Amino acid sequence: MSSPNCMVTNEWVCGEYLRTRRPELVDAVVQHVGITAASVVIGVLIAFPLALLARHRRAFAGPVLGLTTVLYTIPSLAMFSLLLPLFGLSASLVITGLVLYTLTILVRNFLAGLQAVPDEAREAARGMGYGPVRLLWEVELPLALPAMLAGVRIATVSTVALTTVGAIVDYGGLGTLIMDGLDSDFKAQVLTASVLCVLLAVGADLLLLGLQRWLTPWTRVASGTSRIRRRTDRSGSPDRPGGGSGDTGRREAKAAQAA
Amino acid sequence: MSAISGAYDWLTTGTNWQGDKGVWHRLAEHLYFSGVTLAVSCLIALPLALWLGHIGKGGGLAVNISNAGRAVPTLAVLVLLTLTPLGRHGDLPTFIALVLFAVPPLLTNAYIGMREVDRAVVEAARGMGMSGGQVFRRVELPLAYPMVMTGIRLAAVQVIATATLAAMAGKGGLGRIITAGFNLQDTPQVVAGAVLVALLALLVEGVLAGAGRVLNPMKGRSGAAR
């Protein structure tokens with residue numbers, strides 16, 4: 001057992017801190033999860049139509065991808081600052097900034113996933129009399145799902161880490177505890193909050209991985225399907241040398257798909 | 001809108017650019033943090049990634065490191081290191097936190113770039129009697145070059161963006177203009193600082209993209225890089 005006065009001696013690991021400050025920690029975790037979840041959900045809701053638009057109208061693809069890439073180069077601290085005049089000091093300020101960041105990863109992965117659907121599958125469905133909506137929901141979406149969810153996982157993990165920067169406006173979840181700990185030189189608080197933050201990211205990633213496996217049972221059985229899909233992906237999707245972060249995102253998605 | 005015009009006024013006021021807290025000084029600090037970080041990260045990541053790509057091992061490792069890298073909150077690392085004895089060594093925590101942040105994208109892109117080189121080309125080079133080192137220098141490296149450069153550009157932009165966080169832990173850099181603006185509740189200054197960082201990130205992205213094109217070993221050859 002740690003000594004009861006480890007909060008006085010300011011040790012890194014302190015059981016007393018965990019016991020006495022539990023409500024504070026729970027509040028921070030709840031805020032952190034809330035901000036992250038809201039950002040990713042809103043991001044998905046915006047990114048999906050954008051990806052569909054970029055796929056159907058080629059003229060939109062360039063500007064949509066370009067704009068979301070530019071957004072990603074804006075530093076998080078600066079992003080929250082730039083939105084300050086619009087939202088004031090509020091949680092919606094942090095969420096808006098984080099949503100803009102998720103768009104870079106999500107739009108690219110959604111688009112890559114949709115483009116990786118084999119043309120034969122599309123043609124076959126059309127031949128069977130599928131309309132565009134039914135084609136999208138029943139053929140394209142299920143086939144694109146692994147790549148799309150891989151994008152959601154990457155976006156979620158980086159959003160959990162980025163949420164901490166929201167501490168600048170006091171809506172950083174665990175980041176707020178970290179900054180308070182820095183100001184008061186309170187080591188146990190900084191370490192505990194940092195560890196919780198990493199655990200949250202890992203936990204969210206595993207949860208989404210589970211969701212992905214549950215939603216796509218066929219990928220576990222037929223490893224042959226994914227091999228075909230990967231080959232079409234390589235030859236079929238346009239490679240953008242100026243792609244920035246999305247390139248790695250898409251490649252990671254590809255790698256995650258292969259795993 | 002008043003914040004925008006206020007920011008413009010702030011940026012066009014000469015006194016804001018001079019002195020220890022002025023833009024020029026903060027910009028120099030920022031470039032110093034970013035430049036050293038990028039150089040150190042490249043020295044760590046590129047040889048390892050290129051070698052692993054050459055021998056064709058460690059693919060899972062590269063992807064996993066990249067994913068884990070995204071999960072680590074740079075702010076938390078920075079604050080943790082600042083509170084350890086390392087924190088007494090001035091800028092060392094900033095460098096360590098930023099290097100940890102920059103290594104994953106460099107490693108992943110360089111490795112994947114090497115692995116995406118057409119195996120048939122590598123086989124042909126070997127068949128012509130090239131040694132491992134020759135294949136690496138004359139075939140794999142030139143063909144992997146675009147991906148490696150993409151990784152460096154990505155890392156550079158992200159490091160410049162993330163170096164602003166140093167200010168939240170009380171270190172220097174352009175982020176200080178933002179955090180000082182927050183403390184003074186001076187929104188125009190906050191916006192001005194944000195604009196400066198964003199412009200710097202875009203400028204560096206442009207410069208590196210241009211440099212990458214000029215230095216491309218496959219430049220001017222027909223059927224270059226895939």
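B:V157 is found in helix α7 of chain B, in what is a predicted model. With a relative accessible area of 5%, B:V157 is buried, because buried means under 20%. Leaving aside neighbours within four places in sequence, B:V157 is in contact with A:T73, B:A201 and B:E205, a list that includes a residue of chain A. B:V157 also lies 9.2 Å from B:S34, C-alpha to C-alpha, although 123 residues separate the two in sequence.

Chain B as a whole gives the setting for this residue. Its secondary structure comes to 9 helices and 0 strands, and read along the sequence the pattern is α-α-α-α-α-α-α-α-α. The C-alpha atoms of chain B fill a box of roughly 70 × 45 × 25 Å along the principal axes. Of its 226 residues, 53% count as buried. Among the contacts in chain B with a separation of 6 or more, 73% are between residues 24 or more positions apart.

Past the end of α7, the loop between α7 (132-162) and α8 (175-183) of chain B holds B:K171. Is this lysine buried or exposed? B:K171 has a relative accessible area of 10%, and therefore counts as buried. Its contacts, not counting residues up to four places away in sequence, are B:F33, B:T82, B:G90, B:D91, B:T94, B:A166 and B:R176. B:V121, by contrast, is 50 residues from B:K171 along the chain, and the two C-alpha atoms are separated by 49 Å.

One of the residues that B:K171 touches is B:T94, which lies in helix α5 (residues 92-115) of chain B. B:T94 has a relative accessibility of 1% and so counts as buried. Beyond four places in sequence, B:T94 touches B:F33, B:L78, B:A166 and B:K171.

The nonpolar cores come next. The largest has 134 residues, and those with the most contacts inside it are A:F110, B:M168 and B:I178. Apart from this core lies another, of 5 residues, among them B:F33, B:F95, B:L98 and B:A163. B:I178 touches A:L77, A:A78 and A:S81 in chain A, together with B:V190, B:G193, B:A194 and B:V197 in chain B, again leaving out residues up to four places away in sequence.

In chain A, helix α9 (residues 174-183) has 8 buried residues out of 10, so the helix is largely enclosed by the rest of the structure. Which residues of α9(A) are buried? They are A:L174, A:G175, A:T176, A:L177, A:I178, A:M179, A:G181 and A:L182. These buried residues pack against α2 (15-20), α3 and α10 of chain A and also against α4 (74-83) of chain B.

Two packed helices are described by the angle between their axes and the distance between the axes. For helix α3 (residues 22-56) and helix α10 (residues 187-215) of chain A, the angle is about 35° and the axes are 11 Å apart. The crossing of α3(A) and α10(A) is right-handed. On the α3(A) side the contact is made by A:E24, A:L25, A:V29, A:H32 and A:V33, which meet A:Q189, A:T192, A:L196, A:C197 and A:L200 in α10(A). The residues of this contact divide into 6 nonpolar, 3 polar and 1 charged. A:C197 has 0% relative accessibility and so counts as buried. Another cysteine, B:C42, counts as buried because its relative accessibility is 16%. A disulfide is a covalent bond between the sulfur atoms of two cysteines; the count over all chains is 0.

Most residues other than glycine have a negative phi. B:Q185 is found in the loop between α8 and α9 (187-215) of chain B, and its relative accessible area of 70% makes it exposed.

Technical notes: Residues numbered from 1 in each chain as written. Chains lettered and ligands numbered in written order. Predicted model: local features only at pLDDT ≥ 70, side-chain atom pairs only at ≥ 80, totals over all residues. Heavy atoms only, no water. Axes fitted to C-alpha atoms, helices over the stretch in contact; angles between N-to-C directions. Helix = DSSP H or I, 4+ residues; strand = E, 2+ residues; numbered from the N terminus. Left-handed = near helix turned anticlockwise from the far one by under 90°. Contact = heavy atoms within 4.5 Å. Nonpolar A, V, L, I, M, F, W, Y, C, P; charged D, E, K, R; others polar. Core = buried A, V, L, I, M, F, W, Y, C linked by side-chain atoms within 4.5 Å. Buried < 20%, exposed > 50% of the residue type's maximum accessible area, 1.4 Å probe, protein only. Disulfide = S-S within 2.5 Å.
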